Amino acid sequence: MTGARVSPRKGEQQPAAALPVARVHVDVPLAHLDRPFDYLVPEQLDDVAVPGARVRVRFAGQQVDGFLAERVAESDYGKKLTFLTKVVSPEPVLSPEIAMLARAVADRYAGNLIDILRLAIPPRHARVEAEPPPDPAPAPEVPDAAGWRRYPRGPAFLDALRAGRQAHTVWQALPGEDWPARLAELAVTAAAGERGALLVVPDYRDVARVYAACVALAGEQAVVALSADVGPAKRYRAWLSVLRGGARIVVGTRASVFAPVHRLGVAVVWDDGDDLHADPHAPYPHVRDVLIQRAHASGASFVAAGFARTAEAQLLVDSGWAPEIVAARDEVRTAMPRIVALGETDQQLARDPAARAARIPSVAFEAARAALAAGRPVLVQVPRGGYVPALACQQCRDVARCRRCAGPLGLPSGGSDARPPTCRWCGVADTAFRCGNCGSRRLRAIVVGAKRTAEELGRAFADVAVLGSGGAEVLAEVGERPALVVATPGAEPVALGGYGAALLLDGWALLGRADLRATEEALRRWMTAAALVRPASDGGRVVVLAESSLAPVQALVRWDPVWHASLELSGRTELGFPPAVRMASVDGTPNAVAAFLDELALPASGEILGPVPLGEPDRDGVVKERALVRATRTDGKALAAALTTALHVRTARKEPDPIRVRLDPLELI
DNA sequence: GCAATGAGCGTC
DNA sequence: ACGCTCATTGCT
């Protein structure tokens, strides 16, 4: 045997000569298996088993998909390794940058890496992968950015982008702003300096508008639109052209935050308060948070932009991390429509019999009539169904809050009317409610219903076309002619030349929601609609049916989103809610929640609220529960780590009842 | 004293 | 969902 070459037996595999160990992320849904596993690379697969490739491996007796993270010289596993089964494709779809980002995001949300990778990397389409890549687009010219001169710090920000300096900002767009053009200018400025740009917007209508604006400045080759709404082949082709460096500018919806843009220069989120920016699948990452994480890791600039401002964006401004870009008050006054608020007491009904039948206040009726007479469309914003009713103070209409934890009070469902109002968060009944704002002891249930008003409004203007936008049928834009455009929030079509007037009829529905973000959301939706209306000097008018003493109503009338966001943030700080603290909701069966909380090793600042019952019994008669867990922002990482560890313990023990953990959830009921 | 059977657990 | 370990059981 000495000196004899050991020839491999038939069918026996040999490991690759160099870097024979592949570290693989396997696609299994169990939390405690969220780490790389080592496999041997057979010599036949040596040249295709590249870092970032999709692979298949045998794992616990099954063939599973995975991503090859890296090739290393040896394993520290200590036992015998199995060989990779196959390399699905040598396309390096998981770049090191995205792998690091996905890991950071998974950790931030107490989730699995593989769940993030499934979101970040679209399904493969073999035929598209085989197509020859298009020629890379040349760097575009620096665009003219005169539109940014209306904002004092705007040109300086563009200078930073052009020079490739990292600069973060929170931008408040002026009413009527052609914001897709402004975002395109940011992106093309970065691209002119051979850097990439990522523009993330709430929905596909916005993608189409911003894409068109970018193409107008930089040409078709330089831009791709990423959205799950297009077919798999088209989607993978667009994504691959980003991966291969063909397109520098990406416009997309929430999953595009992970687009493998080369040399990212600027990452922008438009309207970060829109709940479409929160991914609905575990671990529920939010666009704004991911882009902040990404800007931090890659040296890119970050922009949160919108007509309104969230408390989260306000915190970025207040902390000094993202100095704001806002127009001067004079500029705001010139750009905005005339806005009036009508509370229930000021709603003098119109004299016109048809308008009286529609229960439309005369001010609103007159605004609509004047706009239609001038040949312009009128926007009517009506509420969507399905809001959770809550309790409010009879006197000042402030949402009734729990004295212990400041959660919203509601009437316990299914019981008799005699039961006292109970906190939806901590479950404590409040038998002696007293309003924190005005001291009144009387409560009222908040009622929803204004859709009929809009329908009847059509009858009041019998000879005018009524167009609907909302639900399944959403209009992108309407023309420059008289029409009543009835839309639910988020589905407002853009009007060429602007609306002549807008009637915002959903005040009670928006403000009455039993939600922490109800006022912020109301203002955001109103501003989004009101921003589509012509300036006051051009006859533009907005009527909102809500009490003018309320903070979001005042913020709308004065067009002061910054003031409202500051107020909102200080309120949340006082109450101990996000973004002032880090909070997690923990949902599951009562037993599962109790066992999970028992296992949870909270950081020093950690605190548990609840659990409280959640909704109605399911078909097994079990009422799910929700607990809220909070910690200081400094302890945010420790909180996420503690939640992750507790989840590991549960999946490792194969506990049958699942626990759902969401960090900083949008809805805190 | 030791094989046969099954529950539990890690998964490379 | 496979396949390994280890404990318990039952029989010599």
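The residues of the surface near DNA strand B divide into nine nonpolar, two polar and one charged, where Ala, Val, Leu, Ile, Met, Phe, Trp, Tyr, Cys and Pro count as nonpolar, Asp, Glu, Lys and Arg as charged, and the others, Gly among them, as polar. Among these residues are Phe-37, Asp-38, Tyr-39 and Ala-652, a residue being near a strand if its C-beta atom, placed from the backbone, lies within 6 Å of it. The largest share of this surface, three residues, comes from E2.

The model is predicted, so that local features need pLDDT of at least 70 and side-chain atom pairs count only at pLDDT 80 or more, while totals for chains, interfaces and linings use all residues. Residues are numbered from 1 along each chain as its sequence is written, and chains are lettered from A and ligands numbered from 1 in the order in which they are written.

E2 also belongs to an open sheet of five strands, ordered E2-E1-E4-E3-E5 with antiparallel pairing. Strands E2 and E5 stand at its edges, each with a single partner strand, so one side of each is left without a neighbour in the sheet. Strands (E, at least two residues) and helices (H or I, at least four) are DSSP runs numbered from the N terminus, and two strands pair if DSSP finds at least two bridges between them.

| Strand | Residues |
|---|---|
| E2 | 37-40 |
| E3 | 54-59 |
| E5 | 86-89 |

E3 and E5 pair in the antiparallel sense over three bridges, and Val-55 stands opposite Val-87 in E5. Chain A has 19 helices and 28 strands.
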